[in-house]
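Reader: I am new to reading protein models. Could you take me through this one, step by step?

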Amino acid sequence: MSARVTELLTGVLAQERIRHFPGGHGHRAAPEAAPSSLEEAAEVLRLARAERWSVQPLGHGTRLAWLRPRERVDLVLSSRNLRGITSYEPADGTLTALAGTSWAELVAATAGRHHLSPELSEPDATLGGTIAAGLSGFDRLRYGPVRHQVLGLAALHADGTRVKSGGRVVKNVTGYDLHRLWCGSEGTLCFLAEGTLRLYPAPAETAVLRATVASPAEAIGRCHALLRAGVQPLAAVVSAQELAGPAELAVVLAGRPEAVEGEAALVRTHAQPSAELHGADALAARAELCRAGQGALLVLATRPSILNAALGALAKAARALELEPRVSLHPLLATAQVEFPGIQLQDERLLELDEELAGAGLRARWRGLGARTPRPRPAAAAADLMLRLKRSLDPDGLFAGGPP
Amino acid sequence: MRSLARELRALVGPAGIVDEPTRLVAYESDALAMLAETPELVVLPRDTRETAAVMELLSRRGVPVVPRGAGTGLAGGATPVAGGVVLSTARMRDVLELDVADRFARVQAGVVNVDLSSLCQHLGLAYAPDPSSQMACTIGGNVANNSGGPHCFKYGATTRHVLGLVIVQHDGSVLDLAEPELDPLGYDLVGLFVGSEGTLGIATEVTVRLVPAPPVIEVVLVLFRSLDDACEAVSDVIAAGCDPAALEILDKLTIDAVERSVFAAGYPREAEAVLLIELEGRAEDVAAQAREVLAQVERRRPLEVRRGRDPATRKKLWAGRKGAFGAMGRIAPDLYVADAVVPRTKLRELVARTVAICRERGLRLATVFHAGDGNLHPNICYDRRDADEVRRVLEAGHLILSECVAAGGALTGEHGVGLEKLSAMELYFTPADLAAACRMREAWDPHRRLNPGKLIPTHACLEVRSAARNAEAPRP
């Protein structure tokens, strides 16, 4: 099959646009087409449809490890040659770029004037891949999830037709928000071509205040005290080597100097920090915090008020399975990134842990488990509707996989 | 209809049915009075269970359904359809859950926007979307239209604040997405539903995000000698990276109407435009924001700047803006409130074009707009009894939309498409865009009985159906 796919691709793409996708994280190897224009991408899709291939869109592959491998992929359609900023309107606070444009390019273009959300630790992540993965960033507490940053998208449907939703203005309710459906749809509905993001004024100052506390629970308590005192940090991160051990709390403040100083005073009162970083040191610490939890195998999401209970359930289940989790928490978002140092991905105990967490009503997302990745469990009515949407928008099932 | 009314009455009780002609008149249109159709029947279920039973019955009977909140919409989204039933959420007014720790509320769809805001106020929280009709409009209606309001500039429109929904589908089945999840479990059904104008289902319960109420609020009111200056000042403020909570402009005719009404705010006669800027945050931050904003507006040499932080002064400074639509009743019997969006860098240019378009047609224009979002509301005064004037108003409205789209803008910023902007949809979308929208809609409502004829031009959907019939069978 691969040889035939490659051979037919040469009819619509130059040889240098075709290569071999090596697979990984449980994803199978397949021929990869990387068109250099949307017209070429549409041609590839039309060919794939005629040949009844199963197509998996791909950005840089940054989130591939989090994606459940598809049962069948005949062709990987990469956006890596669809790069470039279509328009950046500083006075308007919007940016439009092709799907394969890297996050690093977008950040560089807007640096100094605007903050680009989501704030990511993977500079190679692409615009399209980030949106398709529904990937939110370190700055989510202040700016919200990635789906709130997308003002409009253009996509190619299975028959190669270009479809748009939303627009390039900051406020718009014209028609359905199909772009909300495409965000986080993991390439199962369309091939994302171009996106427009809203931008925020760049904060003039950043400060990072750190405290060492007796336990994650105490750090969580201090975060909530900050919130009650009116502090609105860019992020608050708690790191702990073990769930019952001491924890590091880092509060990241960003904004006008006056706002940062005012909030820092409150943090001093309510979180008793032992260290404060400003200027370049603070920016370096912020970047490091942004990378925290990158080795996580598991992300737990719950409600802020029950995060402590969720960690208790995690600790209990992990203890029973003789696992020793290391956590990086965003208490005000109620997420926990969990690492298991020294544990192999094939370890059956990870799946047992998932069962235990599901039984405790916790929602978990796993990385690197390949085909063993536990499926999300939406209610039956929602699952039915998602399938109907898949069948309506991709009636031939060209794009590999179903609802995430 | 009589037997249907009897069956519906059995489901929702006598108080849940309106079928007397004198009472049905109240439902013949929403706030776009020029598009009216008297319904034959209105049903008012009290909760999800009753709504599901009603929808199941209407599905069996093949009856079209027009959902309705408070009827404050301005695009004809709640205009009844012949042979259909209006389903009103007016009796679903309970706040079901208010979670201070996790900052969300779960409410029935008929809860009035301002009631939710008031309920949160003493808890130090706020529900951010604040449409001008917030005294009457419902949360369910806000969901249907993805409503905005002045503070949408900072906080975003309704879609950013909806965490969950309970939706009754076309056949009466219930889609329970009420749990406030951080990220959707699968496709973002909630995000897709918001702004769907009642064409995908009936939202009966809404889970909304609450935000902390700001400790300090300052309102800065700037009076300018020209509308151009006010527009330029807005562009300057945004380009300088200032981050106000709201940026609103009123033009001369609006100022005159306000000054002659009970909302008189004491604006000087020579003022041609008012710019309202709201700043919020901690005290020291608000002071810094005010310095930055004033440095920008002073460049346009304003006539006067007024400022206030205490609630009474703020209320007074906002009075002209809040009362603008009411005050316009003094100018003409009817008001066509247009709604379009332009890139914020093109505000001045497009505002000038709207003025010219109306002047060329002998129409009086009063403009109030959410300048920070580039969301124009050209309000064209008319008398619906004058057929020629109505024709000129609609022509002007269509031209304004064309110009905004040509400038890179959009057809609607917060009112929705409804019936009003159907004919303009093809200015903005290609046939392929509309076909995709129709296919998505049919996944929710295959018989298109929910608010038929709204949001998407009908012929676009018929083309999709025809194409689907001719298409080869999907592979297994």
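Author: Start with a term: buried area is the accessible area (1.4 Å probe) that two parts lose on being put together, summed over both. Now some ground rules: this is a predicted model, where local features need pLDDT of at least 70, side-chain atom pairs count only at pLDDT 80 or more, and totals for chains, interfaces and linings use all residues. Residues are numbered from 1 along each chain as its sequence is written, chains are lettered from A and ligands numbered from 1 in the order in which they are written, and side-chain values use heavy atoms, with hydrogens and water left out.

Reader: What area do chain B and chain A bury between them?

Author: Contact means heavy atoms within 4.5 Å. By that rule, 85 residues of chain B touch 74 residues of chain A. Carbon and sulfur atoms carry 53% of the buried area. The total is about 6,600 Å².

Reader: How many salt bridges does the rule find across the interface of chain B and chain A?

Author: A salt bridge needs a side-chain nitrogen of Lys or Arg within 4 Å of a carboxyl oxygen of Asp or Glu. Asp188(B) and Arg180(A) form one, at 3.0 Å from N to O. Across the interface of chain B and chain A, the count is 13.

Reader: Is Lys171(A) buried or exposed?

Author: Lys171(A) lies in the loop between strand 9 (162-166) and helix 6 (178-182) of chain A. Helices (H or I, at least four residues) and strands (E, at least two) are DSSP runs, numbered from the N terminus. Buried means under 20% relative accessible area, exposed over 50%, partly exposed in between (1.4 Å probe, protein chains only). Lys171(A) has 2% relative accessibility, so it counts as buried.

Reader: With which side chain does the side chain of Lys171(A) make a polar contact?

Author: A polar contact is a pair of N or O atoms within 3.5 Å; within protein, one must be able to donate a hydrogen and the other to accept it, and residues adjacent in sequence count only if both atoms are side-chain atoms. Beyond its neighbours within four places in sequence, Lys171(A) is in contact with residues including Cys152(B), His370(B) and Asp373(B). Its polar contact spans 2.9 Å, and the partner is Glu414(B).

Reader: What share of the residues of chain B count as buried?

Author: Chain B has 17 helices and 20 strands. Its C-alpha atoms fill a box of roughly 65 × 55 × 55 Å, taken along the principal axes. Of its 476 residues, the buried share is 61%.
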